[in-house]
Amino acid sequence: MTETAVYAAGGVVWRVVDDKLRVLLIHRTKYRDVTLPKGKVDPGEMLAETAAREIHEETGIRVSLGVPVGVSRYHLPSKRTKIVHYWAAEATDAAIRASEFVPNREIAALEWVTPKKAMARLSYPVDVEIVENFVRIVEEGVLRTFPIIVLRHAKAVERGGWQGEDAERPLSPRGKKQATSIVGPLASFGARKLISSPATRCVRTITPLSEVLRRKVHTTQLIGQDAWEDGTSDPRRIVGERVRARKPAVLCSHGPVLPDIMNEIALATGTLRGSYLGSASALEPAAFSVVHLSTDNPGSGIVAIETHAPKV
């Protein structure tokens, strides 16, 4: 991120009503315009966390983020550039029923319309471009997705300064902060199933998320570094289970194991392998790659991959 830019995030919130696709527009009170839900990044936030938070604050609807649908850039009156990242986000019936939205000083009204009507009603061309990107995803038949999130453990104490077994190395003070900082972003993608290498540094990385979600961490040596080093790891089995389940999952593992995990996701989904897999698996501590797969047909290939790194 550059200091001269203002960063924000939001989404194209969608639902299906009577077999017809609808997207959500917001009518803003102050600006008297029609736009997509979005807002500026709060200090310490990662973009995905911002998107989910802003969608909820502006519409009352809690969502899990789906595939990314583009980035808009435009100049503010202050001459600074505003950069807004968008994701597709399904509004479930339960989330809509739970919404407590009422017109307020910021948002005068919410409106569900077809994508075609949305492009006619939106006040700004940059928003229209985002909806156009969204429509392309719809036309490709890959709107409904689930994520497999590949997470590298947070910063651990250095191996040279640790007297015990390598698998028992704890997180460093910075690593503990990283583990806390990624809870919001991981939850934003609807993380539910939590799977980790049994190494302490991996388990401790995912523990803050498990506490917030109130979900158990399932440990397995199949994605552990010790098993990887002695040739007994088996990420294929874990990946295969997650692809068949078609549910959001986090796999927390080690730098050397991540390329194998990513490679197995490609193989399990019939995706052509390429250099992008290397980029998505070359993660710094506590960074993660979100691999979006089609819920209806996971074998049709990876829909999108995005990588996020902590600010700590």
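Author: Cys 202 is buried in this predicted model, its relative accessible area being 0%, and Cys 252 likewise counts as buried, at 0% relative accessibility. The cysteine sulfur closest to that of Cys 202 belongs to Cys 252, at 4.3 Å, which is too far for a bond. A disulfide would need the two sulfur atoms to lie within 2.5 Å, and a search of the whole structure finds zero disulfides.

Both cysteines are contacts of Ser 196, a residue of strand 9. Ser 196 also counts as buried, with 0% relative accessibility. Once its neighbours within four places in sequence are left aside, the contacts of Ser 196 also include Val 203, Ile 206, Val 217, His 218, Thr 219, Thr 220 and Ile 223. His 254 lies 58 residues from Ser 196 along the chain, and the C-alpha atoms of the two are separated by 9.7 Å.

Strand 9, which spans 193-196, is one of the elements against which the buried residues of helix 9 pack, and the others are strand 8, strand 11 (249-253), helix 10 (258-268) and strand 12 (288-294). On helix 9, which covers residues 235-245, the buried positions are Pro 235, Ile 238, Val 239, Gly 240, Arg 242 and Val 243. An α-helix has 3.6 residues a turn, so residues three or four places apart point the same way. Just after helix 9, Arg 246 takes a positive phi of about 55 degrees.

Strand 8 is itself mostly covered, with six of its eight residues buried. With strand 12, strand 8 pairs in the antiparallel sense over seven bridges, and Pro 147 has His 292 of strand 12 as its bridge partner. With strand 11, by contrast, strand 8 runs parallel, and five bridges join them; here Ile 148 stands opposite Ala 249. In a regular strand the side chains alternate between the two faces of the sheet.

The largest pocket holds about 760 Å³ of space and is lined by 29 residues, of which Val 63, Ser 64, Leu 65, Phe 189 and Gly 190 lie nearest its centre. Sorted by class, that lining has 13 nonpolar, nine polar and seven charged residues.

The second largest pocket has a volume of about 530 Å³, and of the 21 residues that line it, Arg 28, Tyr 31, Lys 38, Tyr 74 and Lys 82 lie nearest its centre. Two or more residues of this lining come from each of strand 2 (20-28), strand 4 (38-40), helix 1, strand 5 and helix 4 (125-139). Strand 4 gives the largest share, three residues. By class, the lining of the second largest pocket has eight nonpolar, three polar and ten charged residues.

Notes:
Residues numbered from 1 in each chain as written. Predicted model: local features only at pLDDT ≥ 70, side-chain atom pairs only at ≥ 80, totals over all residues. Heavy atoms only, no water. 1 Å grid on protein atoms, 1.4 Å probe; cavity = no way out; pocket = protein on both sides within 12 Å on 5 of 7 lines; lining within 4 Å. Points joined across faces, edges and corners; volume = space filled by probe spheres on them. Nonpolar A, V, L, I, M, F, W, Y, C, P; charged D, E, K, R; others polar. Helix = DSSP H or I, 4+ residues; strand = E, 2+ residues; numbered from the N terminus. Buried < 20%, exposed > 50% of the residue type's maximum accessible area, 1.4 Å probe, protein only. Contact = heavy atoms within 4.5 Å. Pairing = 2+ DSSP bridges.
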